[in-house]
Structures are given as C-alpha cells and as structure tokens.
Amino acid sequence: MTSDNVVDLRSDTVTKPTPAMREAMASAEVGDDVFAGDPTINRLQERVAELLGKEAAIYVPSGSMANQTAIRAQTQPGEEIIVHEDGHIYHYEGGAPAGLSGCSLRLLPGERGQFTADDVRAAIRPPDSHYPLTSLIVIENTHNRGGGSIWDIKEIARIRAVADEHGLKMHLDGARLMNACVAKGAKPTDYTKYFDTVSICFSKGLGAPVGSAVASTEATIRRVHRFRKMFGGGMRQGGIIAAGALYALEHHVDRLVEDHANARRLAEALAGMPAGSIEVDSVETNIVYFNVDASAGTAKALCDRLFEAGVWMLPIGPQRVRAVTHLDVEAAGIDRAIEVLERTLGAPAAR
Ligand SMILES: Cc1ncc(COP(=O)(O)O)c(C=O)c1O
C-alpha cells in the first residue's frame, strides 16, 4: 500500500506540504539566519510576534526545542517547574527539562490535562533552602494527552494571578494553540497575554513540514536565541522551510474547523460501535481518544488490523487508541476509517 491511499490518523505531524506550499518554499528568498540575514525567517518571526501579541519571536526547528529553549531562558539549574502530569514536556521531550535546564518537574493531576489556580498555589514551594525554588508554570493548550482539550481562559487568568503573587514565570506550550483559537472563536492574544513565553508549531495541524517558534519580550528572545545556538538549532538558509510556515499561517488556520468536524464525526460514529467507548463531548478539537472493549481484543491488535486495511491509528494504552485528524485526511477518509472500524468494533444496531 502506498502512503497515498492510506488514511493516516496517527498524528497531525504526518502531513505533507501541498503543491502550493512547495511552490512558496521553492521560491523563498533566503540568507544566513545565524547572522539574522534570512529575509523569509525574519518575516515569519515578525508575523508570529504580531499574531501572538509579543515584542519578538524566533524560529526554531521543533516544538521540543521551542519549549526547551523557553524553559532554559527562564530557569536556573535546581529550580522546579509546575506542569500537568500528562504534559508533553514531561512525557515526550526526552527528559530535556532535567537534561538541558537542570530543573525538576512538579507534576499536577487534573482532568484532561488541566489543573487549577488552587492546585498551583498548593504546589509552590515555601522559601526554604531545603526545597527547590519554584520558578515556572507550563500550560499546554490544546492539551495533547488531555485529548486535544482546550483550557478555560478564566482559569489561566487565575493561575496568572497566583504566578504574579509569587514572582513565577509562565510558558504556554501552544503547539496546537491555533486549534484552540479556531474552536473557540478566540484570538491567540486572548490566551497569550497571560504568558511570558509562548511556543507555537507549524508542523502539526498547520501542515508545514518543519518548524516552531517562541514569542516573548525582546530580552527573553535574545536569551532564547543564545540557547537555540547552544542546543544546535541555529539554521542557515532556513527560509526555505520558514516559507512553508508562513504559507501555513496564511492558508491553513481557518480550515482547522474541517479537522475538528472530522474528529467529531469519527467520535460520534465510535460512540455507536458496540465494542468501542468514547466520551463524544471530550472531543473539542482534532484529537480523538477511544477505548476498545477487551471482547474485541487489544488496542494494538485493533491498530494492526486497521493498518492492514490502510487506516492508521496509534495504540497508546492496552485498550486505548488515538486518532488525530489533519490537512491530509478529508471527509471521505473519515468515512473509510468508520467503515473499517465497524468491521472490528461492530456497527450500530440501526442508523
Ligand atoms: C503539545 C506538544 N508540544 C510539543 C510538541 C513537540 O513538537 P516536536 O515534535 O516538533 O518536537 C508536540 C509534538 O507532538 C506536542 O504535541
């Protein structure tokens, strides 16, 4: 099976640049960005700073580097970062907060990747030299392991007030911030105004092949620039990929509603399948988590069967599966996924 006739729902990172995006990339003006001389990267950085309501922004190769340079720029070794126990920086960035910044993580529980201002207040360490110094709070919006959930802006505002009382910084892992904005009809600044640093990814739902950015004050971005170099992320004629990111910001934001509608339709269909279970209302954006009843086998066995039929999803627990909608899956792909799922999980009694 070639990748062209596969419905690949493993992640929204699997998208390939469209012909128009490739054209924009092929004709991008480039220069040496380590000397700040790449006009396309400079344009992207200005655009991102404006979009996120910050003084400056910097283009980096990945979402992990965006988060980790922002963390390094705002912490000292021995300090502690408050983050949700399902956070991306905790699970999926190779232990980087410890490895690159020398920080420990204080993990908070909470439904769907979210915690409250009271949880934060209770987790802040007293000013006693026995303890690590709490210095940063990281919030992920939308929350990946939380099922693409969207943070309540009012709770973020309450957390900001606690952070201010204690002199803490706040970082937003906004890999999928635009999904939250489109789903809620919110402006990026409705969220970003509460944060000292914000990361955003172009190669998730936005469909560019490479890259992320960090936005903040000019002084903080100067520090992020230093750590980008230290971590090996200084790129030279990076404008060729930054052009894909600029194209994505221009053309692929509003269409995220289609991904959300596709995810919702998949969730509604799964709810009717006897051997599947899902909380349909938990699907707010483009990420769908569902459980497979043991009578239908394991999540891995289901995904193996789906794989053979050209519908790719990820088993992420013994009975739990993840499917993510994106630019390269149209409504017809969702029809096909539903049809193939019904062969294992059963069709609804009546339609
Ligand atoms: C919420 C979140 N943050 C950060 C990242 C890291 O992005 P990258 O894979 O580009 O390092 C991801 C990747 O999927 C993510 O889902």
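Predicted model: local features only at pLDDT ≥ 70, side-chain atom pairs only at ≥ 80, totals over all residues.
How much space lies in the largest cavity? About 60 Å³.

Residues are numbered from 1 along each chain as its sequence is written, and side-chain values use heavy atoms, with hydrogens and water left out.

**Stop 1: the ligand**

Helices (H or I, at least four residues) and strands (E, at least two) are DSSP runs, numbered from the N terminus.

Next, show side chains at the ligand. Serine 64 has a polar side-chain atom 2.6 Å from an oxygen atom of the ligand. For lysine 204, a polar side-chain atom lies 2.9 Å from a ligand oxygen atom. At aspartate 173, an N or O atom of the side chain is 2.7 Å from a nitrogen atom of the ligand. On its own the ligand has 390 Å² of accessible area (Shrake-Rupley method, 1.4 Å probe), and the protein covers 83% of that.

**Stop 2: the largest pocket**

Rolling a probe the size of a water molecule over the atoms shows where empty space is left. On a 1 Å grid over the protein atoms alone, a cavity is a set of points where a 1.4 Å probe fits but cannot get out, and a pocket is an open set with protein on both sides within 12 Å along at least five of seven lines; lining residues have an atom within 4 Å of a point. Grid points are joined across faces, edges and corners, and a volume is the space filled by probe spheres set on the points.

Select Arg112, Arg145, Gly146, Tyr289 and Arg320, which lie nearest the centre of the largest pocket among its 17 lining residues. This pocket holds about 340 Å³ of space. Strand E10 (287–292) gives the most to its lining, with 4 residues.

**Stop 3: the cavities**

There are 2 cavities of 30 Å³ or more. For the largest cavity, select Val83, Gly87, Val138, Ile139 and Glu140, the closest to its centre of the 13 residues that line it. E5 supplies the largest share of this lining, 3 residues.

Helix H8 (177–184) and strand E7 (197–201) each supply at least two lining residues.

**Stop 4: phenylalanine 231**

Select phenylalanine 231, in the loop between helix H10 (218–230) and helix H11 (239–251). Leaving out residues up to four places away in sequence, phenylalanine 231 touches (heavy atoms within 4.5 Å) Met65, Gln68, Thr69, Arg72 and Leu100. Phenylalanine 231 and glutamine 68 are 163 residues apart along the chain, and their C-alpha atoms are separated by 9.2 Å.

Conventions:
Polar contact = N/O pair within 3.5 Å; in protein donor to acceptor, adjacent residues only side chain to side chain.
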